Amino acid sequence: MTYADIILPLALPKRSYTYSIPEIMLPDVQPGVRVEVPFGKSKLYSGVVVGVHTTQPDYRVKSILAVLDETPVVVEQQLKLWDWIADYYCCTLGEVMSAALPGHLKLTSETKLIQNSAYGDDFSELDNDEYLLAEALHIQNEITIDDARKILNKKTVFPVVQRLLLKGVLTLREDLQEKYRPKKVMAVRLAEPYRTDQELLRPVLDALEKNERQLETLLAYLHLSRSRPWVRRQEVLDKAGVSESPLQTLVKKEVLELYEREISRIAGFEDELVEASELSEQQRQALSEINTGFKQHNTILLHGVTGSGKTRVYLELMREVMLQGGQVLYLLPEIALTTQIINRLQSIFGADVAVFHSKINYNERVEVWRAAAAGKPVILSARSGLFLPFQNLQLVIVDEEHDPSFKQYDPAPRYNARDTAIFLANIYGAKVLLGTATPAVESYFNAKKGKYGLVEMPERFGGLQLPEIRQIDLREQHKTRQMKSIFSPALLEGLQQALDRGEQAILFQNRRGYSPILECQTCGWTAQCRHCDVSLTYHKHTNRLRCHYCGYQESVPAVCPACESGKVTLLGFGTEKIEDELKLFLPKARIGRLDLDTASTKNNLIAILNDFEEKRIDILVGTQMVTKGLDFENVGIVGVLGADQLVRFPDFRAGERAYQLLTQVAGRAGRKHKQGLVLVQSWNPAHPVLQEVQRGDFAGFMQREMKERRDFLYPPFNRLIHIRLQHKDDKIVYLAADMFAKFLRQPMGKRVLGPVQPSVPRVRSYYLQEILLKLEKDAKVIQAAKDLIRKATETVTSKPGWGQLRVAVDVDPV
């Protein structure tokens with residue numbers, strides 16, 4: 001008898017489970033292919049084969065039901081990466097598999113099948129089993145795998161489902177996510193018959209001589225159309241210097257017509273307009289240092305200020321790898337940032353670029369998965385691209401390497417894509433380039449210690465100056481009663497001057513909503529979430545109170561529910577209030593808002609950025625979304641309203657995060673033609689981080705931050721493991737956390753801190769307790785700690801009545 005070891009996409013303690021291979025399937029079962037197997041009493045799952053052998057286990061084994069692939073879908077290097085992630089990040093291999101494989105490769109008996117209406121109702125090309133399922137879906141629209149089993153009267157239906165997926169007859173519910181679409185802009189063209197024969201326009205032009213604005217609009221279009229393949233609506237309006245009205249009149253007269261055109265661009269990183277054919281002296285120097293550095297180091301940190309032209313350096317390195325027949329993985333922290341880079345890469349490398357992230361649809365995911373395995377030269381991706389089956393990976397670029405979005409939080413595996421990319425590159429023998437304007441403390445430490453190479457680009461491209469940063473002391477402003485609501489006179493004056501010059505502005509406040517607290521001035525009552533121990537945030541647009549942790553909402557009380565006083569007041573401010581109040585002081589300004597409320601979908605995000613780029617928005621108010629590499633050449637001023645809350649956050653990384661966010665948002669100002677201005681409102685302008693941001697003193701910031709980290713045993717000098725326990729019963733979670741900590745403390749001693757109640761002790765009705773391990777950088781100590789954590793988890797969760805206890809282990813928390 002021959003056996004196969006199989007990984008299942010479940011959080012199970014064992015690495016793999018052994019099944020027997022029926023003789024008829026022996027030629028098809030090999031490492032990397034998926035098979036359908038039973039697990040438990042009645043569940044069926046698709047698992048991945050990791051080994052084939054003849055060693056009989058000492059228990060009765062079940063048989064494989066079906067082989068789902070003709071060739072492996074997972075390669076050897078991927079399995080090595082899965083093993084490393086499971087071990088390093090203290091999770092199960094099944095959890096890694098679940099995160100690594102796209103939805104279409106993870107069929108289970110609970111998977112829902114959805115009719116694909118685009119296929120139609122012609123099922124004549126299908127075989128009998130396929131026809132029965134297609135007909136059932138045509139009638140019911142949605143069925144489960146269990147339903148399909150009953151319809152076909154078969155236990156094994158995964159192969160049939162797989163064939164229908166490939167033929168496009170059905171989709172899976174988990175694949176019905178919003179398809180990633182490029183930005184749409186309104187464009188103008190001639191209506192027929194004028195588009196075919198422009199000679200017919202002569203009488204039209206003669207007739208328009210009496211209507212100057214319409215004539216100017218039409219002439220503006222004709223002039224622009226000679227130099228470009230298509231013309232934006234906004235370009236016509238700007239060139240003609242007219243409002244929308246004459247253009248709409250020409251549309252009604254059927255001379256012009258408006259249409260939507262898709263373009264692959266929403267926002268993006270710095271230096272988007274740098275020509276690929278030209279390298280500045282600084283870029284040539286950086287490229288030379290990187291190529292030299294790769295001879296001694298596998299990983300290099302490229303530290304270049306905002307606007308220095310790092311992307312242009314990436315392009316040259318990618319070109320070199322492609323000429324050698326290798327593959328490049330280009331990682332970005334946010335899906336929203338990818339579209340401009342896609343546009344730029346495709347304009348240079350054409351069809352050699354593929355894009356992979358969680359928002360593309362089923363067919364695109366299958367295509368990119370296969371393309372990576374076939375050797376597609378460039379893969380542009382968010383962190384999930386690490387799990388693709390590469391054929392010849394030679395270079396990994398991690399752009400904005402400091403960004404916390406590279407860290408996966410929930411569910412497990414809680415991996416950091418930057419660190420995982422370095423291990424992935426090691427498996428393939430590839431090189432890694434980490435790029436950023438504000439390096440993570442750990443990355444900079446490794447570079448200074450010689451573990452990584454270090455290349456610096458201290459100047460902006462084209463010799464442009466970095467923005468001037470000025471601080472505004474709110475204590476002084478309030479003392480002299482100069483404040484106008486939440487704005488200082490200097491900020492309002494700066495905004496007005498920018499608008500008078502025809503420039504745009506960005507205002508940054510890292511808190512959405514209108515007001516974070518609703519409080520009774522008589523008894524001190526505050527509006528609290530029913531399911532979390534946090535205050536509810538007031539959102540004026542919906543006139544509702546909302547919890548930002550669990551989404552709970554309720555109406556705003558007219559009087560205090562505790563004492564029935566009418567003195568209920570809103571305290572604090574978020575982006576919604578800034579937008580609202582700004583309209584009172586700058587009534588002529590067109591104001592937009594970019595936060596999770598307004599940009600909850602990709603289309604909304606695209607629309608807001610599109611409006612700002614085409615100057616239909618003068619002032620953009622936003623959360624940290626506005627710091628993510630947006631590059632708009634007309635931004636003259638950036639205002640920061642809540643600098644204090646960034647540096648006061650109770651976390652050892654607060655100073656680092658504040659420096660990065662403020663430097664990044666400051667980099668949005670004055671990036672093309674002139675020096676920008678950044679105004680920072682704060683209650684404590686003397687705070688060292690704010691002073692370092694103002695001076696642009698990265699070296700001073702790092703020196704001070706390193707000393708504090710060394711003194712208090714934080715990374716990069718020590719390693720951290722954070723453990724969170726949660727349960728709906730506060731007594732159980734308290735007892736479990738106490739037992740967990742004692743279990744760890746016996747061998748680990750003072751390295752174990754806690755358990756403690758976090759600042760938000762209850763989230764989504766679950767009570768929380770936290771434990772922190774501070775470990776010296778000794779591989780044996782760290783491995784011993786992870787082994788203890790696994791044993792402690794098994795001990796507390798197996799205790800009677802504690803089965804619902806959740807334990808989340810976060811190695812290297814950020």
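At 5% relative accessibility, Phe123 is classed as buried (buried is under 20% relative accessible area, exposed over 50% and partly exposed in between, with a 1.4 Å probe and protein chains only). The model is predicted, so local features need pLDDT of at least 70 and side-chain atom pairs count only at pLDDT 80 or more, while totals for chains, interfaces and linings use all residues. Residues are numbered from 1 along each chain as its sequence is written, and side-chain values use heavy atoms, with hydrogens and water left out.

Rings of Phe, Tyr and Trp (its six-membered ring) were paired if their centres lie within 6.5 Å, with planes under 30 degrees apart counted as stacked, over 60 as edge-to-face and the rest as tilted. The count by this rule is 17 aromatic pairs. In one of them, the ring centres of Phe123 and Tyr131 are 6.2 Å apart and the planes stand at 80 degrees, so this pair is edge-to-face. Tyr131 is partly exposed, at a relative accessible area of 38%. The rings of Tyr659 and Phe701 have centres 4.4 Å apart and planes at 10 degrees, and the pair is therefore stacked. Because Tyr659 lies in helix H21 (residues 654–666) and Phe701 in helix H23 (residues 698–711), the pair ties together parts that are 42 residues apart in sequence. Tyr659 and Phe701 are both buried. Trp84, Tyr88, Tyr89 and Phe423 are linked into a cluster by ring pairs.

A charge was taken to sit over a ring if NZ of Lys or CZ of Arg is within 6 Å of the ring centre and within 35 degrees of the ring normal. Lys786 lies over the face of Tyr88, 4.1 Å from the ring centre. The charged end of Lys774 is placed over the ring of Tyr714, at 3.9 Å from its centre.

Tyr131 is located in helix H3 (residues 128–140); helices (H or I, at least four residues) are DSSP runs numbered from the N terminus. Together with Leu132 and Ile151, Tyr131 forms a nonpolar surface patch with about 240 Å² of accessible area.

Helix H11 (residues 310–323) has 14 residues and reaches 21 Å from its first C-alpha to its last, close to the 20 Å expected at 1.5 Å a residue (the expected span is 1.5 Å times one less than the number of residues). H11 is mostly covered, with 11 of its 14 residues buried. Among them are Lys310, Arg312, Tyr314, Glu316 and Met322.

How values were computed. Patches are made of residues with over 30% relative accessible area and no salt bridge: like charges are joined within 9 Å, nonpolar side chains (Val, Leu, Ile, Met, Phe, Trp, Tyr) within 5 Å. Accessible areas come from the Shrake-Rupley method with a 1.4 Å probe; for residues, only the protein chains shown count as cover. A salt bridge is a side-chain nitrogen of Lys or Arg within 4 Å of a carboxyl oxygen of Asp or Glu. Helices (H or I, at least four residues) and strands (E, at least two) are DSSP runs, numbered from the N terminus.
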